Amino acid sequence: MNLMMPSFSEDISFKRISSRRAGAMAAGQTVLQIPSASTGLTAKLHPTVLFNICDSYVRRNDQAERVIGTLLGSVSSDGTVDIRNSYCVPHNESSDQVAVDIDYHRNMYELHQRVNPKEVIVGWYSTGSGVSGSSALIQDFYAREVTNPVHLTVDTRFENIEASIRAYVSTILSLGDRQLAAQFHEIPLDLRMVEAERVGFDVLKKTIVDKLPNDLEGLEATMERLLALIEDVFKYVDDVVRGQIAPENNVGRYLMDTMAAIPKMSSDAFDKLFNDSIQDLLLVIYLAGLTKSQLTLAEKLNTAAQIL
């Protein structure tokens with residue numbers, strides 16, 4: 001593909017991703033999606049990236065149907081792509097071409113390199129339910145930035161309070177010198193988060209909330225989720241003992257390691273430890289509120305002194 005300067009009315013400078021080959025790919029684009037393929041790559045997604053993507057989607061222009069951006073992270077020797085950061089890239093797209101602000105993309109990457117040189121480009125993201133014809137053009141551009149870029153799609157509609165997050169890599173199907181289609185292979189995606197991030201993610205999936213949960217409400221939701229998981233484990237073990245389902249060795253080892261990690265103590269000792277932890281949490285909340293009140297009072301006194 002060639003990069004040419006178009007004539008846009010916007011103040012920012014765009015460069016268009018288009019050529020005869022690109023036009024053939026986008027116009028009547030055939031994009032093949034398959035559920036899984038043996039590519040040897042897996043992706044790990046940090047929840048901060050997901051929050052950045054949703055934030056960029058909320059702040060998008062009214063005319064934009066989706067947003068795209070660059071994914072930063074690292075690639076390990078075993079083929080695991082660790083996605084830890086991202087930034088949005090302005091773009092315009094139509095049925096037969098895509099215009100990306102390449103200067104903005106490279107300037108942002110240089111700034112990120114100054115802060116964290118270990119984070120390199122690993123792919124790009126877009127909002128929406130899947131890949132499209134124009135996605136093949138953007139994928140081809142990022143293929144010039146990094147070998148085998150990962151394409152992350154996030155469905156920001158969160159229908160039925162479910163998050164559709166998928167990761168793809170692509171290959172070009174060609175016949176001689178003619179490129180026929182871009183074939184996107186879905187790769188395994190691992191989204192792991194600590195409990196505080198899980199609470200925020202659950203609020204994000206609801207799209208509309210009256211208020212954010214406080215620490216105690218988040219703790220209550222965590223305990224309810226933990227209780228539901230324990231009940232699922234009990235049901236699985238009972239079904240295996242009764243012979244209703246076949247046992248799985250990996251699940252058995254995981255349960256054994258989990259039980260071995262639990263410290264052996266009496267119920268009284270556990271209650272004391274739990275209550276002490278709750279008291280420590282309440283003390284931190286009280287001190288934080290007291291500090292906030294003192295800062296507010298000091299600010300008002302300083303304002304009044306300047307007026308007098």
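Setting aside neighbours within four places in sequence, H112 touches L72, N85, Y87 and P117 in this predicted model. H112 itself sits in helix α3, which runs over residues 102-115. Is H112 buried or exposed? Its relative accessibility is 19%, and the cut-off for buried is under 20%, so H112 goes down as buried.

Of the 308 residues, 31% count as buried. The accessible surface comes to about 19900 Å², with 55% of that belonging to carbon and sulfur atoms. As for how the chain meets itself, take the contacts with a separation of 6 or more: 62% of them are accounted for by residues 24 or more positions apart.

On to the aromatic rings. A pair of such rings is described by the distance of the centres and the angle of the planes. How many aromatic pairs turn up when the whole structure is searched? The search comes back with three. One of them brings together W124 and Y142, whose ring centres are 6.1 Å apart. The planes of these two rings meet at 10°, and since stacked means under 30 degrees, the W124 and Y142 pair is stacked. This pair also ties together distant parts of the chain, with W124 coming from strand β9 (residues 120-127) and Y142 from helix α4 (residues 133-145). The two residues are 18 residues apart. Both partners, W124 and Y142, are buried.

Y142 has another ring partner in F141, and here the arrangement is edge-to-face. The centres of F141 and Y142 lie 5.1 Å from each other, with 75° between the planes. What about the burial of these two? F141 shows 3% relative accessibility, so F141 counts as buried. Y142 comes in at 1% relative accessibility and therefore counts as buried too. Put together, W124, F141 and Y142 make up one aromatic cluster.

Elsewhere, a charged side chain meets a ring. Which residue lies over the face of Y57? That residue is R60, at 3.9 Å from the ring centre of Y57.

Terms used
Residues numbered from 1 in each chain as written. Predicted model: local features only at pLDDT ≥ 70, side-chain atom pairs only at ≥ 80, totals over all residues. Heavy atoms only, no water. Phe/Tyr/Trp six-rings, centres within 6.5 Å; stacked < 30°, edge-to-face > 60°. Helix = DSSP H or I, 4+ residues; strand = E, 2+ residues; numbered from the N terminus. Buried < 20%, exposed > 50% of the residue type's maximum accessible area, 1.4 Å probe, protein only. Lys NZ or Arg CZ within 6 Å of the ring centre and 35° of its normal. Contact = heavy atoms within 4.5 Å. Areas by Shrake-Rupley, 256 points an atom, 1.4 Å probe, with all protein chains shown as cover.
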